[in-house]
Amino acid sequence: MDQRSVRDILAGKTYFIRTFGCQMNQHDSERVSGLLDSYGCLMALDPAHADIVVFMTCCVREAADTRLYGQCNSCKSLPPSPSGKRVVAVGGCIAQRDGEGLLTNVDNVNVIFGTHSIAHVAELIAEAFLDGKRHIRTNEHEDTDAMSMPWHRETQYHAWVPIMTGCNNFCSYCIVPYVRGRERSREPREIIREIENFVADGVVEVMLLGQNVNSYGKNLEQPMTFAALLREAEKVEGLKRIRFMTSHPKDLSDELIEVMKESKKICPHFHLPLQSGSSAILKKMNRHYTKERYLELVRKLRAALPDISLTTDIIVGFPGETEEDFLETMEVVKEVQYDSAFTFIYSKRTGTPAAVMENQIPDDVVKDRFDRLLAEVQEISRERCARFEGQTMDVLVEDVNDHDPSLVTGRLTNNLLVHFKGTEDLIGKIVDVHLDECRGFYYMGTMISK
Ligand code: 5AD
Ligand code: SF4
């Protein structure tokens, strides 16, 4: 179908988009919105008011599958859409993994588009409106590059910038390399140009995204390190804050630590997934580092950047995890003192090597370990959060507070949230705020200057 026909069909239609999973998915959703906007569609805030309902899915853990089926089914009981016809589209990782197979679990889906086919979503939806048939596209080798598509940014001051897609690591529990494909880095010139355009448009903070940003640039025609890319980003005038996610410990270089130390813009926050504190389990996970190596990286980061916030991901109940292995994870957690940690119960993903490993751990044992880990992590987070009380720090104002409209909410460079008296016009500005009181995982503060 040509672009004109797509526009004729889609212009004026309303769409609702719901996103599950990681930031990469949230960013993909912005691309889908951007594309639909460019064809004259209008965003709706409620699926009941939408002609097009899009679900961007995640299949990293099993709970997400069940949630998707529930959401799709609930579309059946929505009131008629404004145009009288509704198209339900499922994209993202579950769509890529299951393709047509998704229809055995949900029968009211009209469009299924995989992670490589985002650029075609408008066309697929238009075709579904036109012929009422199902349209499925999950090719792995699409030629169009979704990373350079238009997109709909949620906020004026912050932008996500994908610097690479896919993953080559094949951690034995993880489905991502199968559904997102191999690692592919974007050209640095394109990334920097995009950041410059954002800044010209009012953006002050960027988040560089990739499954493993530390291996950025290895497959470029002219290879380049992630640290070198950060140096280039630092030079963009008007850009105030640079964040990045996610780092794999096996590729964390001294050069990166050095760049962070010199930088005035890179936020002092490092998300360094541990997954397990037991070297034996790490080996079975195919993570390519030991507990000792991980702890050495933490020491290096803290020596170079004493105030850095460290956050992590941990999986509990990986096949074969003994009580001793688990206690090693607890020890690492106590030693590192994470500012926060995302804790996950191991979820068996069909097709990954771990799914067929012997000695899967019984649910009650996993739940008990998970609860003990969570309690430890939360206690440490609470203590860590309080360490800045009484200081004045710069805060990027993000929003008017949900519960009290006389307050605004902003973020410190280390990612903690602060609520303080302020007005809507501060949104997107960086202001100095005195951190009066830590309340668990956030602060109450007072603005000192604009
Ligand atoms: N089960 C549980 N957690 C998982 N993750 C990835 N795959 C699985 C799985 N099969 C977690 C990892 C990763 C985070 C994004 O999700 O901790 O870092
Ligand atoms: Fe999954 Fe490992 Fe790649 Fe992260 S690095 S996306 S956990 S395979």
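In this predicted model, L396 has I430 as its bridge partner in β18.

N415 sits in the loop between β16 (407-412) and β17 (417-421). Its phi is near 90°, a positive value in a residue other than glycine. With a relative accessible area of 29%, N415 is partly exposed, because that value falls between the 20% and 50% cut-offs.

A parallel pairing is found elsewhere in the chain, where 5 bridges join β3 (residues 52-57) to β4. Within this pair, M56 stands opposite G91 of β4. Strand β4 (residues 87-91) has 5 of its 5 residues buried, so it is largely enclosed by the rest of the structure. Cover is present on both faces of the strand: V87, A89 and G91 are buried on one side, and V88 and V90 are buried on the other.

Turning to the ligands, the shell around ligand 1 is made up of V60, R61, Y173, Q275, D313, I315, F344, I345, Y346, S347 and R349. These residues divide into 6 nonpolar, 2 polar and 3 charged. Two strands, β13 (309-316) and β14 (340-345), each supply at least two residues of the shell. Polar atoms of the protein approach ligand 1 at several points. A polar side-chain atom of R61 lies 2.8 Å from an oxygen atom of the ligand. The backbone contributes as well: an N or O backbone atom of Y173 is 3.0 Å from a nitrogen atom of ligand 1, and a polar backbone atom of S347 is 2.8 Å from a nitrogen atom of the ligand. On its own, ligand 1 has 410 Å² of accessible area, of which the protein covers 86%.

Ligand 2 has a shell formed by C167, N169, F170, C171, Y173, C174, V176, P177, Q211, H248 and R287. Here the division is 7 nonpolar, 3 polar and 1 charged. Y173 is listed in the surroundings of both ligands.

M245 and T246 are joined by a cis peptide bond, with omega about -5°. T246 is found in the loop that lies between β11 (241-245) and α9 (254-262). The other feature concerns H288, which has a positive phi of about 65° although it is not a glycine. H288 lies in the loop between α10 (279-284) and α11 (291-304). Its relative accessibility is 57%, so H288 counts as exposed.

Methods:
Residues are numbered from 1 along each chain as its sequence is written. Chains are lettered from A and ligands numbered from 1 in the order in which they are written. This is a predicted model: local features need pLDDT of at least 70, side-chain atom pairs count only at pLDDT 80 or more; totals for chains, interfaces and linings use all residues. Side-chain values use heavy atoms; hydrogens and water are left out. A residue is near a molecule or strand if one of its heavy atoms lies within 4 Å of it. A polar contact is a pair of N or O atoms within 3.5 Å; within protein, one must be able to donate a hydrogen and the other to accept it, and residues adjacent in sequence count only if both atoms are side-chain atoms. Accessible areas come from the Shrake-Rupley method with a 1.4 Å probe; for residues, only the protein chains shown count as cover. Helices (H or I, at least four residues) and strands (E, at least two) are DSSP runs, numbered from the N terminus. Ala, Val, Leu, Ile, Met, Phe, Trp, Tyr, Cys and Pro count as nonpolar, Asp, Glu, Lys and Arg as charged, and the others, Gly among them, as polar. Two strands pair if DSSP finds at least two bridges between them. Buried means under 20% relative accessible area, exposed over 50%, partly exposed in between (1.4 Å probe, protein chains only).
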